[in-house]
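This report describes a surface patch and the aromatic pairs of one structure. The sequence and the model are shown first.

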Amino acid sequence: MALQATENSNRPLPWVASLQKGGHTNSTSVTEFELAGFPDLQNFHTPVFVILLVIYLLILSGNSIIFTLIYAHPRLHIPMYYFVAVLAVLEVFYTTVTMPKMLADLQESTSSISLHGCLLQIYFFHALGITEACLLTAMAYDRYLAICTPLKYSTTMTTKLCFQLVLGCCACGFTCPLPEIILTSQLPFCGPSRIEHMFCDFPPLISLACTNISTSIIVDFSLHSVVILGPIFLILLSYTKILCVIIKIKSSKGRQKAFSTCASHLIVVLAFFGTISFMYMRLTWIGSLRYDRIVAVIYAVLTPLFNPIIYSLRNKEIRDTIQQIASSSRLSCCNKR
(Lines give C-alpha, C1' and ligand atoms only; values in the text may rest on other atoms or scores of the structure.)
Protein backbone atom coordinates (compact mmCIF):
# COMPACT_ATOMS: atom_id res chain seq x y z
CA MET A 1 0.00 0.00 0.00
CA ALA A 2 1.84 3.12 -1.21
CA LEU A 3 1.74 6.45 0.56
CA GLN A 4 -0.36 9.00 -1.28
CA ALA A 5 0.56 12.69 -1.05
CA THR A 6 -2.72 14.44 -0.33
CA GLU A 7 -2.25 18.17 0.23
CA ASN A 8 -3.62 19.95 3.30
CA SER A 9 -5.52 17.03 4.78
CA ASN A 10 -5.58 15.19 8.08
CA ARG A 11 -5.52 11.48 7.63
CA PRO A 12 -4.31 8.37 9.45
CA LEU A 13 -0.77 7.29 8.85
CA PRO A 14 -0.67 4.73 6.02
CA TRP A 15 1.06 2.32 8.33
CA VAL A 16 -1.83 2.72 10.81
CA ALA A 17 -4.34 2.23 8.02
CA SER A 18 -2.56 -0.95 7.00
CA LEU A 19 -3.74 -2.53 10.25
CA GLN A 20 -6.95 -3.19 8.42
CA LYS A 21 -5.13 -5.56 6.09
CA GLY A 22 -5.45 -9.07 7.29
CA GLY A 23 -3.39 -10.98 4.79
CA HIS A 24 -1.34 -10.93 1.64
CA THR A 25 -2.78 -9.13 -1.35
CA ASN A 26 -0.37 -10.75 -3.76
CA SER A 27 1.80 -13.84 -3.66
CA THR A 28 4.69 -12.10 -5.45
CA SER A 29 7.53 -11.10 -3.14
CA VAL A 30 9.06 -7.65 -3.64
CA THR A 31 12.81 -7.54 -2.97
CA GLU A 32 13.63 -4.18 -4.58
CA PHE A 33 12.09 -0.77 -3.92
CA GLU A 34 11.95 2.56 -5.68
CA LEU A 35 12.74 5.70 -3.66
CA ALA A 36 10.50 8.66 -4.50
CA GLY A 37 13.30 11.16 -3.83
CA PHE A 38 12.27 14.75 -4.63
CA PRO A 39 9.15 14.39 -6.82
CA ASP A 40 8.36 18.11 -6.60
CA LEU A 41 11.79 18.96 -8.03
CA GLN A 42 11.89 16.65 -11.04
CA ASN A 43 13.04 19.46 -13.34
CA PHE A 44 15.71 20.71 -10.94
CA HIS A 45 17.74 17.58 -10.24
CA THR A 46 21.05 19.14 -11.30
CA PRO A 47 20.77 22.24 -9.03
CA VAL A 48 19.54 20.06 -6.15
CA PHE A 49 22.46 17.66 -6.72
CA VAL A 50 24.97 20.54 -6.64
CA ILE A 51 23.43 22.03 -3.47
CA LEU A 52 23.37 18.70 -1.64
CA LEU A 53 26.92 17.88 -2.76
CA VAL A 54 28.21 21.21 -1.46
CA ILE A 55 26.35 20.69 1.83
CA TYR A 56 27.74 17.15 2.17
CA LEU A 57 31.30 18.34 1.56
CA LEU A 58 30.80 21.15 4.10
CA ILE A 59 29.52 18.62 6.65
CA LEU A 60 32.56 16.39 6.10
CA SER A 61 35.06 19.26 6.22
CA GLY A 62 33.39 21.20 9.06
CA ASN A 63 33.06 18.25 11.41
CA SER A 64 36.54 16.99 10.45
CA ILE A 65 38.01 20.40 11.33
CA ILE A 66 36.24 20.40 14.72
CA PHE A 67 37.53 16.88 15.48
CA THR A 68 41.09 17.73 14.34
CA LEU A 69 41.17 20.94 16.41
CA ILE A 70 40.13 19.10 19.56
CA TYR A 71 42.49 16.19 18.91
CA ALA A 72 45.52 18.35 18.10
CA HIS A 73 45.29 21.02 20.82
CA PRO A 74 45.87 19.98 24.46
CA ARG A 75 43.94 23.00 25.78
CA LEU A 76 40.79 21.38 24.37
CA HIS A 77 41.46 18.01 26.00
CA ILE A 78 38.66 18.32 28.54
CA PRO A 79 35.43 16.30 28.84
CA MET A 80 33.15 18.86 27.16
CA TYR A 81 35.28 18.86 24.01
CA TYR A 82 35.72 15.10 24.04
CA PHE A 83 31.94 14.87 23.66
CA VAL A 84 31.96 17.52 20.92
CA ALA A 85 34.65 15.54 19.05
CA VAL A 86 32.59 12.35 19.26
CA LEU A 87 29.51 14.28 18.08
CA ALA A 88 31.48 15.54 15.06
CA VAL A 89 32.43 11.96 14.13
CA LEU A 90 28.83 10.82 14.57
CA GLU A 91 27.57 13.59 12.26
CA VAL A 92 29.97 12.48 9.51
CA PHE A 93 28.76 8.86 9.65
CA TYR A 94 25.12 9.91 10.17
CA THR A 95 25.03 11.88 6.91
CA THR A 96 27.14 9.33 5.02
CA VAL A 97 24.43 6.71 5.60
CA THR A 98 21.92 8.65 3.47
CA MET A 99 23.50 11.47 1.46
CA PRO A 100 25.73 9.53 -1.00
CA LYS A 101 22.71 7.41 -1.98
CA MET A 102 20.56 10.55 -2.34
CA LEU A 103 23.21 12.15 -4.55
CA ALA A 104 23.54 9.02 -6.70
CA ASP A 105 19.75 8.78 -7.11
CA LEU A 106 19.59 12.38 -8.38
CA GLN A 107 21.88 11.35 -11.24
CA GLU A 108 19.73 8.35 -12.19
CA SER A 109 16.39 8.25 -13.98
CA THR A 110 15.09 5.73 -11.45
CA SER A 111 16.33 5.22 -7.90
CA SER A 112 16.14 1.70 -6.56
CA ILE A 113 17.37 -0.09 -3.44
CA SER A 114 17.18 -3.72 -2.38
CA LEU A 115 15.27 -4.78 0.72
CA HIS A 116 18.49 -5.76 2.48
CA GLY A 117 20.12 -2.47 1.47
CA CYS A 118 17.06 -0.60 2.72
CA LEU A 119 17.12 -2.37 6.08
CA LEU A 120 20.85 -1.69 6.47
CA GLN A 121 20.34 2.00 5.72
CA ILE A 122 17.49 2.20 8.25
CA TYR A 123 19.52 0.37 10.90
CA PHE A 124 22.60 2.57 10.70
CA PHE A 125 20.55 5.76 10.30
CA HIS A 126 18.59 5.04 13.48
CA ALA A 127 21.54 3.55 15.37
CA LEU A 128 23.62 6.68 14.80
CA GLY A 129 20.62 8.94 15.50
CA ILE A 130 19.89 7.22 18.83
CA THR A 131 23.59 7.33 19.71
CA GLU A 132 23.53 11.10 19.07
CA ALA A 133 20.43 11.51 21.25
CA CYS A 134 22.19 9.66 24.09
CA LEU A 135 25.38 11.67 23.56
CA LEU A 136 23.47 14.97 23.78
CA THR A 137 22.06 13.71 27.08
CA ALA A 138 25.57 12.90 28.33
CA MET A 139 26.68 16.40 27.31
CA ALA A 140 23.81 17.91 29.34
CA TYR A 141 24.95 15.85 32.34
CA ASP A 142 28.49 17.13 31.81
CA ARG A 143 27.24 20.75 31.84
CA TYR A 144 25.20 20.01 34.97
CA LEU A 145 28.29 18.72 36.79
CA ALA A 146 30.44 21.64 35.59
CA ILE A 147 27.99 24.35 36.70
CA CYS A 148 26.20 22.81 39.67
CA THR A 149 29.16 20.97 41.28
CA PRO A 150 32.26 22.86 40.02
CA LEU A 151 34.49 21.80 42.93
CA LYS A 152 33.84 18.10 42.34
CA TYR A 153 33.74 18.32 38.54
CA SER A 154 37.35 17.35 37.80
CA THR A 155 37.20 14.32 40.09
CA THR A 156 33.74 13.22 38.92
CA MET A 157 33.89 13.77 35.15
CA THR A 158 37.14 11.91 34.50
CA THR A 159 38.45 10.70 31.14
CA LYS A 160 37.44 7.17 32.18
CA LEU A 161 33.85 8.27 32.85
CA CYS A 162 33.77 10.12 29.50
CA PHE A 163 34.85 6.95 27.73
CA GLN A 164 32.26 4.89 29.61
CA LEU A 165 29.47 7.36 28.75
CA VAL A 166 30.42 7.37 25.06
CA LEU A 167 30.60 3.58 25.04
CA GLY A 168 27.20 3.39 26.74
CA CYS A 169 25.72 5.78 24.16
CA CYS A 170 27.03 3.63 21.31
CA ALA A 171 25.80 0.41 22.92
CA CYS A 172 22.34 1.89 23.41
CA GLY A 173 22.26 3.37 19.91
CA PHE A 174 23.28 0.21 18.08
CA THR A 175 21.05 -2.08 20.18
CA CYS A 176 17.73 -0.19 20.25
CA PRO A 177 16.86 -0.46 16.51
CA LEU A 178 17.49 -4.22 16.37
CA PRO A 179 14.01 -5.43 17.48
CA GLU A 180 12.29 -3.30 14.84
CA ILE A 181 14.79 -4.28 12.14
CA ILE A 182 14.17 -7.96 12.90
CA LEU A 183 10.38 -7.49 12.83
CA THR A 184 10.49 -5.47 9.60
CA SER A 185 12.74 -8.01 7.88
CA GLN A 186 10.08 -10.68 8.51
CA LEU A 187 7.25 -8.67 6.92
CA PRO A 188 6.02 -9.79 3.46
CA PHE A 189 6.20 -7.16 0.71
CA CYS A 190 4.14 -7.92 -2.38
CA GLY A 191 3.72 -4.53 -4.05
CA PRO A 192 3.56 -1.69 -4.73
CA SER A 193 7.25 -1.00 -4.20
CA ARG A 194 7.54 2.81 -4.19
CA ILE A 195 8.87 4.28 -0.91
CA GLU A 196 7.56 7.83 -0.60
CA HIS A 197 10.70 9.26 0.94
CA MET A 198 14.22 10.40 0.02
CA PHE A 199 15.79 7.48 1.87
CA CYS A 200 14.65 4.32 3.62
CA ASP A 201 12.90 4.74 6.94
CA PHE A 202 10.63 2.61 9.11
CA PRO A 203 7.15 4.20 8.59
CA PRO A 204 7.21 4.45 4.77
CA LEU A 205 8.71 0.95 4.43
CA ILE A 206 6.34 -0.68 6.93
CA SER A 207 3.37 0.87 5.13
CA LEU A 208 4.18 -1.25 2.05
CA ALA A 209 3.81 -4.57 3.89
CA CYS A 210 0.87 -6.69 2.73
CA THR A 211 -0.06 -8.11 6.11
CA ASN A 212 -1.18 -6.96 9.54
CA ILE A 213 1.56 -4.78 11.03
CA SER A 214 0.14 -4.02 14.49
CA THR A 215 3.20 -5.46 16.29
CA SER A 216 5.59 -3.42 14.14
CA ILE A 217 3.57 -0.26 14.80
CA ILE A 218 3.57 -0.78 18.56
CA VAL A 219 7.32 -1.49 18.59
CA ASP A 220 8.02 1.51 16.34
CA PHE A 221 6.02 3.99 18.41
CA SER A 222 7.22 2.58 21.76
CA LEU A 223 10.87 2.59 20.72
CA HIS A 224 10.77 6.15 19.42
CA SER A 225 8.86 7.34 22.48
CA VAL A 226 11.55 5.94 24.79
CA VAL A 227 14.58 7.10 22.81
CA ILE A 228 13.15 10.60 22.26
CA LEU A 229 11.23 11.37 25.47
CA GLY A 230 13.82 9.72 27.74
CA PRO A 231 16.74 11.94 26.66
CA ILE A 232 14.47 15.02 26.49
CA PHE A 233 13.37 14.44 30.11
CA LEU A 234 16.95 13.99 31.35
CA ILE A 235 18.17 17.06 29.42
CA LEU A 236 15.30 19.18 30.78
CA LEU A 237 16.07 17.94 34.29
CA SER A 238 19.76 18.87 33.91
CA TYR A 239 19.00 22.33 32.56
CA THR A 240 16.35 23.00 35.19
CA LYS A 241 18.98 22.46 37.87
CA ILE A 242 21.52 24.48 35.86
CA LEU A 243 19.05 27.37 35.55
CA CYS A 244 18.41 27.34 39.30
CA VAL A 245 22.16 27.70 39.92
CA ILE A 246 22.63 30.40 37.25
CA ILE A 247 19.82 32.51 38.75
CA LYS A 248 21.64 32.48 42.10
CA ILE A 249 24.87 33.85 40.58
CA LYS A 250 25.08 37.49 41.65
CA SER A 251 27.33 38.95 38.94
CA SER A 252 25.90 39.40 35.45
CA LYS A 253 29.28 38.45 33.99
CA GLY A 254 29.22 35.17 35.90
CA ARG A 255 25.68 34.40 34.74
CA GLN A 256 26.62 35.18 31.14
CA LYS A 257 29.69 32.95 31.29
CA ALA A 258 27.72 30.07 32.81
CA PHE A 259 24.96 30.35 30.23
CA SER A 260 27.38 30.69 27.29
CA THR A 261 28.84 27.25 28.07
CA CYS A 262 25.35 25.76 27.57
CA ALA A 263 24.06 27.87 24.66
CA SER A 264 25.66 25.85 21.84
CA HIS A 265 24.44 22.58 23.29
CA LEU A 266 20.90 23.93 23.78
CA ILE A 267 20.67 25.10 20.15
CA VAL A 268 21.78 21.68 18.87
CA VAL A 269 19.35 19.90 21.22
CA LEU A 270 16.39 22.03 20.10
CA ALA A 271 17.16 21.53 16.39
CA PHE A 272 17.72 17.78 16.70
CA PHE A 273 14.92 16.75 19.05
CA GLY A 274 12.41 19.23 17.59
CA THR A 275 12.60 17.72 14.11
CA ILE A 276 12.78 14.03 15.07
CA SER A 277 9.86 14.45 17.48
CA PHE A 278 7.75 15.83 14.64
CA MET A 279 8.68 12.90 12.39
CA TYR A 280 8.43 9.94 14.75
CA MET A 281 6.00 10.83 17.55
CA ARG A 282 2.65 11.27 15.81
CA LEU A 283 -0.16 9.06 14.55
CA THR A 284 -1.65 11.35 11.89
CA TRP A 285 -0.28 13.20 8.92
CA ILE A 286 -0.78 16.95 9.26
CA GLY A 287 -0.44 18.64 5.90
CA SER A 288 1.31 16.58 3.24
CA LEU A 289 4.33 14.47 2.47
CA ARG A 290 6.05 17.61 1.23
CA TYR A 291 6.36 18.89 4.79
CA ASP A 292 7.78 15.58 5.94
CA ARG A 293 10.47 15.75 3.27
CA ILE A 294 11.34 19.27 4.41
CA VAL A 295 11.63 18.12 8.02
CA ALA A 296 13.69 15.10 6.93
CA VAL A 297 16.12 17.43 5.12
CA ILE A 298 16.44 19.49 8.32
CA TYR A 299 17.33 16.63 10.67
CA ALA A 300 19.24 14.47 8.15
CA VAL A 301 21.12 17.20 6.26
CA LEU A 302 20.97 20.68 7.78
CA THR A 303 21.43 19.86 11.47
CA PRO A 304 24.77 18.04 10.84
CA LEU A 305 25.81 21.05 8.73
CA PHE A 306 24.98 23.63 11.41
CA ASN A 307 26.50 21.76 14.36
CA PRO A 308 30.17 22.59 13.58
CA ILE A 309 29.17 26.17 12.75
CA ILE A 310 27.29 26.52 16.05
CA TYR A 311 30.12 25.07 18.12
CA SER A 312 32.82 27.11 16.36
CA LEU A 313 30.96 30.44 16.51
CA ARG A 314 29.38 30.08 19.96
CA ASN A 315 32.39 28.55 21.73
CA LYS A 316 35.16 30.89 22.84
CA GLU A 317 37.88 28.24 23.22
CA ILE A 318 37.32 26.85 19.73
CA ARG A 319 37.17 30.38 18.26
CA ASP A 320 40.41 31.28 20.01
CA THR A 321 42.09 28.11 18.73
CA ILE A 322 40.99 28.83 15.15
CA GLN A 323 42.24 32.43 15.44
CA GLN A 324 45.55 31.20 16.87
CA ILE A 325 46.03 28.82 13.94
CA ALA A 326 45.09 31.56 11.46
CA SER A 327 47.60 33.99 13.06
CA SER A 328 50.34 31.35 13.00
CA SER A 329 49.62 30.66 9.32
CA ARG A 330 49.84 34.36 8.45
CA LEU A 331 53.14 34.72 10.33
CA SER A 332 54.51 31.65 8.59
CA CYS A 333 53.56 33.07 5.18
CA CYS A 334 55.16 36.42 6.01
CA ASN A 335 58.40 34.74 7.15
CA LYS A 336 58.63 32.74 3.92
CA ARG A 337 58.35 35.94 1.91
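## Tyr 71 and Phe 67

Tyr 71 counts as exposed, at 63% relative accessibility, where exposed means over 50%, buried under 20% and partly exposed in between (1.4 Å probe, protein chains only). Phe 67 is partly exposed, with a relative accessible area of 35%. Both residues lie in helix α2, four residues apart, about one turn of the helix; helices are DSSP runs (H or I, at least four residues) numbered from the N terminus.

The model is predicted: local features need pLDDT of at least 70 and side-chain atom pairs count only at pLDDT 80 or more, while totals for chains, interfaces and linings use all residues. Residues are numbered from 1 along each chain as its sequence is written, and side-chain values use heavy atoms, leaving out hydrogens and water.

## Aromatic pairs

The structure holds ten aromatic pairs (rings of Phe, Tyr and Trp, the last by its six-membered ring, with centres within 6.5 Å; stacked under 30 degrees between planes, edge-to-face over 60, the rest tilted). Phe 67 and Tyr 71 form a stacked pair, 6.2 Å centre to centre with 10° between the planes.

## A pair between helices

Tyr 94 and Phe 125 also form a stacked pair, at 4.9 Å centre to centre and 15° between the planes. Tyr 94 lies in helix α3 and Phe 125 in helix α5 (residues 115-148), so this pair ties together parts that are 31 residues apart in sequence. Tyr 94 counts as buried at 3% relative accessibility, and Phe 125 counts as buried at 3%. Ring pairs link Tyr 94, Phe 125, Phe 199, Tyr 280 and Tyr 299 into a cluster.

Note on methods: Helix = DSSP H or I, 4+ residues; strand = E, 2+ residues; numbered from the N terminus.
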